[in-house]
Amino acid sequence: MRKSLSLLAAAAVLSTAGIAQAADYAIDPTHTFATFEIGHFGTTTNRARFDKKEGKVSFDKAAKTGKVDISIDIASVNSGTAMFDKHLASAEILNAEKFPKAQFVSSKFVFTGDKVSAVEGNLTIAGKTQPVTLKATQFNCYDSPMLKREVCGGDFEATIDRTAFGVNYGIDWGFPKNVRLVLQVEAVKQ
């Protein structure tokens, strides 16, 4: 009797072990946007986005764990003004020729209840890597009626010190060193 109870317990553990399993998701570039905001002489806010991005997410809702790897094409910067875009991508600022990609890599998801409330990781810009925590202002998973697959994502934000990445343009003129990052990410279960 004791042996069969042990076998039943082992079978129960093994059968539930498969339930808490990470799923792989691919970033949906049509529902994922990476933007930044920086003050302009204390008068207005300059905003731009990056049009080309790709990445993957591994997410386990039951275990409350995850990994993310998102890559951004620096030359795809888009402020809506071609001359400003060229300047942003130049060696004076983001240096897209020497450092064509920015990347965020994380292996720590922070949860509040069942929802992701932050993602901690490392951000690389202009060849320099710094720790960054992206705070989730909202997060959800849903079954997409169009894709017939699960989609997970949310809105995330962080404020970074651009000088920590060697992006120092305009500091002597009074441009702020703090840049607000706003990321909207949706990823489709594979």
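These questions and answers walk through a predicted model.

Reader: How many helices and strands are there in the protein?
Author: The elements read along the sequence as α-β-β-β-β-β-β-α-β-β-β-β-β. In total, the protein has two helices and 11 strands.

Reader: What percentage of the protein's contacts with a separation of 6 or more comes from residues 24 or more positions apart?
Author: The protein has 190 residues, and 36% of them count as buried. Contact here means heavy atoms within 4.5 Å. For residues 24 or more positions apart, the share of contacts with a separation of 6 or more is 55%.

Reader: Which residues does Ile-125 contact, leaving aside neighbours within four places in sequence?
Author: Ile-125 is one of the residues with the most contacts inside the largest nonpolar core. Leave aside its neighbours within four places in sequence. The contacts of Ile-125 are then Leu-94, Ala-102, Ile-160, Phe-165 and Val-167.

Reader: How are the rings of Phe-59 and Phe-139 arranged: stacked, tilted or edge-to-face?
Author: The count of aromatic pairs comes to nine. In the pair Phe-59 and Phe-139, the ring centres are 5.7 Å apart and the planes stand at 65°. Planes over 60 degrees apart count as edge-to-face. The pair is therefore edge-to-face.

Reader: How many residues apart in sequence are the parts that Phe-59 and Phe-139 tie together?
Author: Both residues are buried. They also belong to one aromatic cluster, together with Tyr-25, Phe-109 and Phe-111. Phe-59 lies in strand 4 and Phe-139 in strand 9, so the pair ties together parts that are apart in sequence by 80 residues.

Reader: Trp-173 and Phe-175 also pair; is Trp-173 buried or exposed?
Author: The ring centres of Trp-173 and Phe-175 are 6.1 Å apart, with planes at 85°, so this pair is edge-to-face. Phe-175 has a relative accessible area of 16%, so Phe-175 is buried. Trp-173 is at 55% relative accessibility, and the cut-off for exposed is over 50%. Trp-173 therefore counts as exposed.

Reader: Arg-162 is buried without a salt bridge; which residue's backbone oxygen lies 2.8 Å from a polar atom of its side chain?
Author: Arg-162 is found in the loop between strand 10 and strand 11. The nearest side chain of opposite charge is Asp-161, 6.6 Å away. The backbone oxygen at 2.8 Å belongs to Tyr-169.

Reader: How far apart in space are Ile-70 and Glu-54, C-alpha to C-alpha?
Author: Ile-70 lies in strand 5. With a relative accessible area of 12%, Ile-70 is buried. Its contacts beyond four places in sequence include Glu-54, Gly-55 and Val-185. Ile-70 and Glu-54 are 16 residues apart in sequence, and their C-alpha to C-alpha distance is 5.8 Å.

Reader: Is Ser-58 buried or exposed?
Author: Ser-58 lies in strand 4. Beyond four places in sequence, Ser-58 touches Ala-22, Ala-23, Asp-24, Thr-65, Gly-66 and Lys-67. The cut-off for buried is under 20%. Ser-58 has 18% relative accessibility, so it counts as buried.

Terms used. Residues are numbered from 1 along each chain as its sequence is written. This is a predicted model: local features need pLDDT of at least 70, side-chain atom pairs count only at pLDDT 80 or more; totals for chains, interfaces and linings use all residues. Side-chain values use heavy atoms; hydrogens and water are left out. Helices (H or I, at least four residues) and strands (E, at least two) are DSSP runs, numbered from the N terminus. Buried means under 20% relative accessible area, exposed over 50%, partly exposed in between (1.4 Å probe, protein chains only). Lys and Arg count as positive and Asp and Glu as negative; His and the chain ends are not counted. A salt bridge is a side-chain nitrogen of Lys or Arg within 4 Å of a carboxyl oxygen of Asp or Glu. A polar contact is a pair of N or O atoms within 3.5 Å; within protein, one must be able to donate a hydrogen and the other to accept it, and residues adjacent in sequence count only if both atoms are side-chain atoms. A nonpolar core is a set of buried Ala, Val, Leu, Ile, Met, Phe, Trp, Tyr and Cys residues joined through side-chain atoms within 4.5 Å. Rings of Phe, Tyr and Trp (its six-membered ring) pair if their centres lie within 6.5 Å; planes under 30 degrees apart count as stacked, over 60 as edge-to-face and the rest as tilted.
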